[in-house]
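Reader: Could you take me through one part of this model at close range? I would like to hear about the pockets and the helix packing beside them.

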Amino acid sequence: MKKIILNTCLVFLFFIIQCSLFHIFSANGVYPNVLIILVATCGFMQGEKSGILVGFFCGLLMDIFFFEIVGFYALLYMYIGYANGLFRNVFYPDDIKLPLIMITLSDLVYSFVVYILMFLLRNRLHLDHYFLHVMLPELAYTLLISILLYPFLLLMIHLSNKISAKFSREQDE
């Protein structure tokens, strides 16, 4: 229960941060995708189920507030959360390489899927321009922010797991 409350608070916090704070600090209209950071982190730290749920609700918030097609981003973020959750067994909290690799791959997959379904199918075939001017700057910006946010997420999820374990021990007694 505590994990659900924490994840819900994190989803709303990161959504507000992405929609308000980082739009102010955008560079040439490009801003970091902190929701990808959250979804990937929850996935590989807490497993597939948590990655799916956090991804779904992050995407649903994006769909409701910014896009005409409800469900597109919910499904995309949900798949990204699930894919990251598959790497839970190889995750070690002290090693930042796996989180950075997974966030990088998640952001690239996200950007390519958005390009294919939102631009390519509407006959906008400028992949080189999109890759150089949107995907790479967003990826770099997201990685920079993920280096700063990762310790915070690690601490929050660790505390949540500790509280959940303590609560379940008290229930067993």
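**The pockets and their helices**

Author: Happy to. In this predicted model, the lining of the largest pocket draws at least two residues from each of α1 (2–24), α3, α5 (97–119) and α6 (127–172). Among the elements, α5 gives the most, with five residues. The volume of this largest pocket is about 440 Å³. Its lining counts 21 residues, and Y31, F67, Y73, Y110 and E138 lie nearest its centre. By class, the lining of the largest pocket holds 14 nonpolar, five polar and two charged residues.

Now for the second largest pocket, with a volume of about 360 Å³. Here 14 residues form the lining, and I4, N7, T8, L53 and F57 are the closest to the centre. Two or more lining residues come from each of α1 and α3. In this pocket α3 gives the most, with eight residues. The lining of the second largest pocket divides into nine nonpolar, three polar and two charged residues.

Helix α3 covers residues 48–66 and packs with helix α4, residues 72–85, at an angle of about 160°, their axes being 7 Å apart. With an angle over 145° counting as roughly antiparallel, α3 and α4 are therefore roughly antiparallel to each other. The crossing in which α3 passes α4 is right-handed. On the α3 side, the contact involves E48, G51, I52, G55, F56, G59, L60, M62 and D63, while α4 brings F72, Y73, A74, Y77, M78, G81, Y82 and G85. Ten residues of this contact are nonpolar, five are polar and two are charged.

From α4 the contact uses F72, Y73, L76, Y77, I80 and N84, and from α5 it uses M102, S106, Y110, V113, V114, L117 and M118. The contact of α4 with α5 has eleven nonpolar residues, two polar and no charged ones.

Key: Residues numbered from 1 in each chain as written. Predicted model: local features only at pLDDT ≥ 70, side-chain atom pairs only at ≥ 80, totals over all residues. Heavy atoms only, no water. Axes fitted to C-alpha atoms, helices over the stretch in contact; angles between N-to-C directions. Helix = DSSP H or I, 4+ residues; strand = E, 2+ residues; numbered from the N terminus. Parallel < 35°, antiparallel > 145°, perpendicular 65-115°, else oblique. Left-handed = near helix turned anticlockwise from the far one by under 90°. Contact = heavy atoms within 4.5 Å. Nonpolar A, V, L, I, M, F, W, Y, C, P; charged D, E, K, R; others polar. 1 Å grid on protein atoms, 1.4 Å probe; cavity = no way out; pocket = protein on both sides within 12 Å on 5 of 7 lines; lining within 4 Å. Points joined across faces, edges and corners; volume = space filled by probe spheres on them.
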